[in-house]
Amino acid sequence: MDDGIVPDKVDVHRLFHTDQTIDVLRFAHETVQQGKPCALVMLTEIIGGSSRAAGAMMAVTATGGFCGMVSGGCVEGVVAREAVQALAEQQDRILRLGKGSSYFDVVLPCGGGIVLAIHVLRDAQVLEEVLGYHARRQAAALFYHPQSQTLACSEISHSTGWHEDRFAVALPPALRLVLLGQGLESEVLYQAATALNIEAVRDVLPADIDEATAVVFLQHDLDKELPLLKQTLNSRAFYIGCLGSRRTHAVRREQLLKEGFSEEQIARLSAPVGLFGPVRDARSLAVSVLAEIMVRKTEQAKDARHG
């Protein structure tokens, strides 16, 4: 491609499906490292309604290949073409779609509008920093400065949105699921989590339990459960679930009270575990537990945005 010239027929095509920010950043990093042009697209403003939250991203190559989503799939082709043009001109641009846009034929089903920042990536350094924080399970924020057309990374966590003249995308540690206990319930829940690309660890309680870690006890023996449960209650885990009936949990509660744990600490436990129940098969239990974890994770994210 010649500088500043976009072919009449750009082969806009989705390279792979994902709506996960870290997947988009990883792809963009790999593309730039290979010496290939790439643009990063960020959803910076929502007018009315949108199917994606602020901070949603796409990565677009100079040949029209893209990944990520900034809508429900209805505008990504237009966005990719705009990004290819930005790459050809080596100039960032702002794109407005839906309500108030000059693209009269592009209408968002929700009836709202979105504003997108298209940034031409010039090196991989900042993306490498971001991915490093992610690998170390450290919260970070990616900043975009429209005036200087630059990216920056900070280990200090910021909420997603505009901070003065910079747009920040919050990048918390990835959801991690720790399963303690052997048996069919643990095996099926592990398979379900990994199928959803959720990091899952079995039979080991990590030393670095953070606010993005969910711990699920699937043991049928309270005596074996108690030592690890005590450690987990003293951790920052955002979710702690325990298998067993209400009667079993009453015994668990009494044991914890004798060990010096307060009612407030014990109230952190989800027991009986799961969003719905009771269930009698491993597959239903896996769906119930994952649903409850995702609800709790969503609530945590809302608290972080409004905190």
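Does Phe27 count as buried or exposed, and at what relative accessibility? At 14% relative accessibility, Phe27 counts as buried, where buried means under 20% relative accessible area, exposed over 50%, and partly exposed in between (1.4 Å probe, protein chains only).

The structure here is a predicted model, in which local features need pLDDT of at least 70, side-chain atom pairs count only at pLDDT 80 or more, and totals for chains, interfaces and linings use all residues. Residues are numbered from 1 along each chain as its sequence is written, and side-chain values use heavy atoms, with hydrogens and water left out.

Going by pLDDT, the predictor's confidence in each residue on a scale from 0 to 100, the protein chain averages 91, and 92% of the residues score at least 70. Residues 1-5 are another story: pLDDT stays under 50 there, and the model has nine contacts for them beyond four places in sequence (a contact means heavy atoms within 4.5 Å).

On to the overall build. The protein chain has 15 strands and eight helices; these are DSSP runs, helices being H or I of at least four residues and strands E of at least two, numbered from the N terminus. The C-alpha trace spans about 70 × 35 × 35 Å along its principal axes. Of the 307 residues in the protein chain, 47% are buried. Among contacts with a separation of 6 or more, 62% come from residues 24 or more positions apart.

The structure holds two aromatic pairs, meaning rings of Phe, Tyr or Trp (its six-membered ring) whose centres lie within 6.5 Å, with planes under 30 degrees apart called stacked, over 60 edge-to-face and the rest tilted. Phe16 and Phe27 make an edge-to-face pair, 5.8 Å centre to centre with 75° between the planes. This pair links distant parts of the chain, 11 residues apart: Phe16 sits in strand β1 (residues 13-16) and Phe27 in helix α1 (residues 21-33). Phe16 counts as partly exposed because its relative accessibility is 31%. Trp162 and Phe167 also pair edge-to-face, at 5.4 Å centre to centre and 65° between the planes. With a relative accessible area of 43%, Trp162 is partly exposed, whereas Phe167 counts as buried at 0% relative accessibility.
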